Structures are given as structure tokens and as C-alpha cells.
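Subject: Structure handover

Hello,

Here is the structure you asked for. Please open it first, then read my notes below.

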Amino acid sequence: MTFWDSLVGFVAATGNALAGVVEAIRTLFEGDPETRRKVAFSVAMIALSAKMAKADGIVTEAEVSAFRDIFKFPDDQAQNVARLYNLARQDVAGYEAYAEKLSSLCISCEQNCPILEDIIDGLFHIAKSDGALHDKELNFLRRVAEIFRMKESRFEEIMARHVHIDGIDPYKVLGVSPKDDFSTIRSRYRVLVTENHPDMLVARGVPQEFHAIANDRMAALNAAYEAIEKERRAA
């Protein structure tokens, strides 16, 4: 029996989906914090994706496809993942309660926690997949980020990688200012590259199945840095 089977079975046996999810993760992986973080991250992505779809009111094929793009779970676990997704959608508990409870399983109570940023990044990927980020989805993401204790400036950096109303702003993507000298920008870029190296994701508990998030992020960071570098050389 896989951990997905155990998790879904545990939750299904309880009368409260949210309480069941949290208690199942705590109980099944007590004494194994690394696995607990990986499972908590996976469940947070599934549950909050479901809640975001419910907030928007419509679940599109593009959103479902995007979810599969960033969460490449084994085919034999598709039914279990779908059950968790539907439990979250049908649960009377609001998305804020899910964000509060699941974030507590992922982090060490630090502000701008990298693993919670990974969750926000993945949710942006899903939200924009139908070609537009709707106001309800943006409000949802902003509120979840607040619950995750993420600074507004950090949220804006993540959003800049996904939302380009007035075109891509490479400075916002890297979290730097056009007034910064190029050495400062290069240092910031190198820090971001280090933070998003696959080994760092593994260390903070992001499952291998979600590394597509990091690949997309690295592509955006590289493109932003190259755009600034080209601009500075031409100046």
C-alpha cells in the first residue's frame, strides 16, 4: 500500500475532510519530517488547487492539464489524487482554513518560506493556464500568500513571472530596481539561481514530481537576466 492509499483511506474514514487530512499527515509520518514535508507539500498543492477552482467557479480542461503538468503523479495514483481533490472541493471548510493548517505542516515558521513560495508559484501556473488570471483567482492567491506570511514584495516578484499586463518587466521578475547597478543585479540573479537549484528543492521537501515548477521559474529568471544584460550592454 502506498502512502497515497493510506492517506486517502485515513481521510475517508473521518467525518471532517480538513481535520482528517492534517491528522493523517501528522500520524502516518510521525518521526519522518522529510517525508511529512513532501506529503504536506503535495496535499497542499492538491487541496489549494481544488479550492482555487471552486473560488473561480469553473474548472477548465486547461487547468486540469496544468495541474498534471506540475504534478506528475504515477498513473496508478490518479484515482487517489482525484479523491483528495474532490474532498477539498466539497469540504465546507474555507480555503483560508486549508492554507493555515497545511502551511503549518510545511514550514519552520519563517517569513517568505521557500516551500510555501513553491506552492504559490504552482498555483499561479494553474490559474493562468486558461489564458487569463481572473480577479477572484488573484484575490485567492494574494490571500493565501498573506496566510503564508509572505511579504508583498516577494508576492509581486512571483506574480511578475506569470502576469504580464504591460509586458514582462525583467526587473520585477528578479526583484531588483532599474536604478541598481549591474553588479547588484547579477548578485541577486545568482542568489535566485542557487535558491532554485534542484538540490535545494529536494532539501526543502519539494517532491520530484513538482520540479517542473522550478524549471519554469528558472526559464523566467534566465530570460529576465538576459534581457537586462542586453539592455545594459546597448546603453
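Start with the lining of the largest cavity: by class, it has nine nonpolar, no polar and no charged residues. For the classes, Ala, Val, Leu, Ile, Met, Phe, Trp, Tyr, Cys and Pro count as nonpolar, Asp, Glu, Lys and Arg as charged, and the others, Gly among them, as polar. A cavity is a set of points on a 1 Å grid over the protein atoms alone where a 1.4 Å probe fits but cannot get out, and lining residues have an atom within 4 Å of a point. The lining consists of Ala 17, Val 21, Val 43, Ile 46, Ala 47, Leu 84, Leu 87, Ala 88 and Tyr 98. Helix H2 (17-28), helix H3 (33-56) and helix H5 (78-90) are the elements that each give two or more residues to this lining. The space inside the largest cavity is about 50 Å³. A volume here is the space filled by probe spheres set on the points, with grid points joined across faces, edges and corners. The structure has two cavities of 30 Å³ or more.

A word on the model. It is predicted, so local features need pLDDT of at least 70 and side-chain atom pairs count only at pLDDT 80 or more, while totals for chains, interfaces and linings use all residues. Residues are numbered from 1 along each chain as its sequence is written, and side-chain values use heavy atoms, with hydrogens and water left out.

Now the whole chain. The protein chain has 13 helices and zero strands. Helices (H or I, at least four residues) and strands (E, at least two) are DSSP runs, numbered from the N terminus. Buried residues make up 45% of the 235 residues. Buried means under 20% relative accessible area, exposed means over 50%, and partly exposed lies in between (1.4 Å probe, protein chains only). Take the contacts with a separation of 6 or more: residues 24 or more positions apart account for 71% of them. Contact means heavy atoms within 4.5 Å.

Next, a helix pair. How do H7 and H8 run relative to each other? The axes of helix H7 (residues 114-127) and helix H8 (residues 135-147) come within 11 Å and cross at roughly 175°. The two helices are therefore roughly antiparallel to each other. Axes are lines fitted to C-alpha atoms, for helices over the stretch in contact, and angles run from 0 to 180 degrees between N-to-C directions. Angles over 145 degrees count as roughly antiparallel, under 35 as roughly parallel, 65 to 115 as roughly perpendicular and the rest as oblique. From H7, Ile 120, Leu 123, Phe 124 and Ala 127 meet Glu 137, Leu 138, Phe 140, Leu 141, Val 144 and Ala 145 in H8. The residues of this contact divide into nine nonpolar, no polar and one charged.

Follow the chain past H8. Arg 149 sits in the loop between H8 and H9. Arg 149 has a positive phi of about 65°, although it is not a glycine. Most residues other than glycine have a negative phi. Arg 149 is partly exposed, at 41% relative accessible area. Then comes helix H9 (residues 152-160), where Arg 154, Phe 155, Glu 157, Ile 158, Met 159 and Ala 160 are buried. These buried residues pack against H7, H8, helix H10 (170-174) and helix H11 (182-195).

- Ser 49 is in helix H3. Is Ser 49 buried or exposed? Ser 49 counts as buried, at 4% relative accessibility. Beyond its neighbours within four places in sequence, Ser 49 is in contact with Ala 44, Phe 67, Tyr 85, Leu 123 and Ile 126.
- Tyr 225 is in helix H13 (residues 211-234). Tyr 225 is buried, with a relative accessible area of 11%. The C-alpha atoms of Tyr 225 and Leu 174 are separated by 7.6 Å, and the two residues are 51 residues apart along the chain.
- Gly 9 is in helix H1 (residues 3-12). Gly 9 is partly exposed, at 37% relative accessible area. The C-alpha atoms of Gly 9 and Asn 80, 71 residues apart along the chain, are separated by 9.1 Å.

Best wishes

How values were computed
1 Å grid on protein atoms, 1.4 Å probe; cavity = no way out; pocket = protein on both sides within 12 Å on 5 of 7 lines; lining within 4 Å.
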